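Q: Hi! I'm new to this one and would like a friendly walk through it. Could you show it to me?

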Amino acid sequence: MRGWAILWLKEVRALYFSPIAYVVVAVFLVIMGYSFTLTLFISHVPTLVHLFFQMFVLFLLTVPIITMRLIAEERKLGTIEMLLTAPVTEVQIVLAKFAASMCLLMLMLGLSAVYAIVLGIYGDPDWGPIFSGYLGLVLLGAALVAVGLLASAVTINQIIAALLSLSVFLLLWIIDDFGYLLPEPFDTLVVNLSLSGHFKPFATGSVYLSDAAFYLSATLLALFLSVRALAWR
Amino acid sequence: MGSPPMSSPIIVAHQLVKWYGPRVAVRDVSFSVDAGEVIGLLGPNGSGKSTIFRMLTGYLTPSSGTASVAGYDTATDSLALRHEVGYVPEDSPLYGHMRVAEFLRFMARLKGLSGRAARSSVDAVVARLHLETVVNLPAAKLSRGYRQRVAIAQALLHEPRVLVLDEPTSGLDPHQVIAVRELIRELAGKRTVLVASHVLSEIAQIASRVMILLDGKLLTSDALKRSTRTQYLRLAVTGPEAEVRVCIGAVPGVRSISIEANSAALSTRYLVEADQQPGIAQDIANVLADRRLALSELVAVPPDLEQVFLALTRRPEEEAA
């Protein structure tokens with residue numbers, strides 16, 4: 001536990017020193033702020049549903065940038081050798097990097113909560129869909145970070161890691177469109193892999209255990225594979 | 001996990017083999033190291049030095065064979081082993097954004113030191129490696145020499161019983177090389193030190209025992225001892241090379257003959273490796289005279305590590321060339 005905490009702190013500090021983290025947060029806030037203001041002025045409806053779908057897309061695009069360096073950079077610098085000859089395990093390293101990246105996503109979500117507060121002050125929003133939307137984004141973010149971490153663990157090149165995870169995310173975003181073209185039972189199987197399909201209920205105020213289980217399973221599987229990738233040497 | 005047995009030797013490698021896909025990097029390497037020894041691992045680039053170190057530090061798992069360090073098996077007790085080993089990987093990897101003090105504190109905590117122990121340990125290694133002037137600089141701004149010293153400092157933080165240094169003087173200027181050499185000498189006796197290098201003069205000056213590797217095979221586990229049991233003769237002979245080789249090779253005690261310099265117009269210079277016994281030079285001179293091969297030079301070359309290294313690592317294709 002102690003080793004994990006030390007590694008987590010180091011990762012958080014690395015993010016603090018990383019210009020990429022600042023750029024990602026800034027771009028996220030600018031786009032969200034613009035979108036929130038514009039939609040509110042046009043529709044006059046106190047809801048964040050449209051923002052959640054935009055955050056969904058922004059997560060798909062920004063998480064690969066956040067996660068690409070996590071392990072690939074350590075491998076390239078050679079510092080992974082120093083870490084793995086210190087008394088810490090691969091599990092601790094992977095979980096520390098995962099938790100640190102999640103902290104950045106939580107910060108982004110936390111800053112976006114100002115829109116919900118504005119709605120609460122000046123309107124009377126339905127809080128259920130807002131809470132479920134944020135829950136969905138946290139679960140989605142965890143799955144995306146875990147997959148991004150896995151991509152970073154299987155290559156030494158950060159750009160390849162980013163492209164790899166981005167490709168997986170985009171494929172899983174639109175996979176239900178292809179899934180409907182397939183014969184039974186493959187259509188159900190493929191459609192159920194859709195990231196957006198499992199996110200829609202959260203964004204619109206419905207929380208299903210199956211959707212949460214999908215993101216949690218994807219997170220755990222990707223973390224497990226990341227540990228195996230790090231241990232394979 | 002119980003306490004490790006405290007018997008000597010402190011490092012035992014038994015038939016270590018490491019495959020990288022279809023390529024074998026280390027083949028059937030066995031050796032042992034006693035506590036307090038300074039071992040030099042010498043070999044050309046790609047000979048398997050780093051792979052052996054990575055297996056001894058628990059970073060890599062052997063494809064077959066076993067190794068133990070300070071009583072801990074490197075494959076099954078890897079975590080416990082890491083408390084006993086300080087490791088400086090090749091190229092001294094550091095986190096560029098971290099200041100030196102911050103990096104050392106991070107490594108100290110990672111190695112299990114906390115609070116006051118971590119602070120005093122960092123202060124001690126900073127003083128020992130003369131890092132006071134760079135302690136507040138980010139690692140990215142350090143010179144090659146300082147990077148090396150910081151990497152060595154992190155390896156010493158937890159006072160390990162075994163220190164493993166992979167090419168510690170690579171890329172350093174002569175002053176820095178001397179400083180690192182002095183440091184290793186200081187550490188000798190207090191802890192067991194393994195140093196890998198492809199620079200022969202470095203190893204010769206710091207190691208109490210030298211192991212030579214080539215293509216993943218351990219050629220000798222004590223090259224210095226071998227050098228005392230061997231004599232080298234340099235001779236210049238005019239005549240057909242094949243005939244010269246046959247003549248000299250027939251002399252009892254001669255182990256190998258290699259060409260040092262060849263000139264079509266002049267005599268050819270040979271280096272002969274032979275057992276350390278009297279009369280061999282005279283025997284060679286006699287046998288050449290009997291065959292009427294003109295001998296223009298015959299001198300004994302002082303036996304040293306260089307001769308042993310060259311004789312052991314000369315590949316067949318180089319001989320043919």
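Q: Which helices cover the buried residues of H3(A)?
A: Happy to start there, and keep in mind that this is a predicted model. The cover over the buried residues of H3(A) includes helix H2 (19-43), helix H6 (90-122), helix H7 (127-153), helix H8 (158-179) and helix H10 (195-203) of chain A.

Q: And which residues of H3(A) are buried?
A: They are A:Leu51, A:Phe52, A:Met55, A:Phe56, A:Phe59, A:Leu60, A:Thr62, A:Val63, A:Pro64, A:Ile66 and A:Thr67.

Q: Where in H3(A) is there a kink?
A: At A:Leu61, shortly before the proline A:Pro64, and the angle is about 30 degrees.

Q: How far apart are the end C-alpha atoms of helix H3?
A: They are 26 Å apart.

Q: Staying in chain A, where does A:Leu181 lie?
A: A:Leu181 is in the loop between H8 and helix H9 (186-191) of chain A.

Q: Is A:Leu181 buried or exposed?
A: Exposed, because A:Leu181 has 9 other C-beta atoms within 10 Å, and a residue counts as exposed with 12 or fewer.

Q: New topic: how many residues of chain A are in contact with chain B?
A: On the chain A side there are 17, in contact with 19 residues of chain B. Helix H1 (2-17) and helix H5 (79-83) of chain A each supply at least two residues of that side. H1(A) gives the most, with five residues. By type, the residues on the chain A side divide into nine nonpolar, five polar and three charged.

Q: Over to chain B, then. How many helices and strands are in it?
A: Chain B has twelve helices and 14 strands. Its C-alpha atoms fill a box of roughly 80 × 40 × 40 Å along the principal axes, and 42% of its 321 residues count as buried.

Q: Why is strand S8 of chain B said to be largely enclosed?
A: Because six of the six residues of S8(B) (192-197) are buried, the strand is largely enclosed by the rest of the structure. On one side the buried residues are B:Thr192, B:Leu194 and B:Ala196, and on the other B:Val193, B:Val195 and B:Ser197, so both faces are covered. In general, side chains in a regular strand alternate between the two faces of the sheet.

Q: Which strands pair with S8(B)?
A: Strand S3 (residues 38-42) of chain B runs parallel to S8(B), joined to it by five bridges, with B:Ile39 opposite B:Leu194. Strand S7 (residues 162-166) of chain B also pairs with S8(B) in the parallel sense over five bridges, and there B:Leu165 has B:Val195 as its bridge partner. Together with helix H6 (residues 174-187) of chain B, S7(B) and S8(B) make a right-handed β-α-β unit.

Q: What is the order of the strands in the open sheet of four?
A: The order is S2-S1-S4-S5 (chain B), with antiparallel pairing. Strand S2 (23-33) and strand S5 (72-73) stand at the edges with a single partner strand each, so one side of each has no neighbour in the sheet. Between strand S1 (residues 11-20) and strand S4 (residues 64-69) of chain B there are five bridges, and B:His14 has B:Thr66 in S4(B) as its bridge partner.

Notes. Residues are numbered from 1 along each chain as its sequence is written. Chains are lettered from A and ligands numbered from 1 in the order in which they are written. This is a predicted model: local features need pLDDT of at least 70, side-chain atom pairs count only at pLDDT 80 or more; totals for chains, interfaces and linings use all residues. The expected span of a helix is 1.5 Å times one less than its number of residues. The bend at a residue is the angle between axes fitted to the seven residues ending there and the seven starting there. A residue is buried if 20 or more other C-beta atoms lie within 10 Å of its own, exposed if 12 or fewer, and partly exposed in between; C-beta atoms are placed from the backbone. Two residues are in contact if their C-beta atoms, placed from the backbone, lie within 7 Å. Ala, Val, Leu, Ile, Met, Phe, Trp, Tyr, Cys and Pro count as nonpolar, Asp, Glu, Lys and Arg as charged, and the others, Gly among them, as polar. Two strands pair if DSSP finds at least two bridges between them. A crossover is right-handed if, with the strands pointing away from the viewer, the path from the first strand over the helix to the second runs clockwise.
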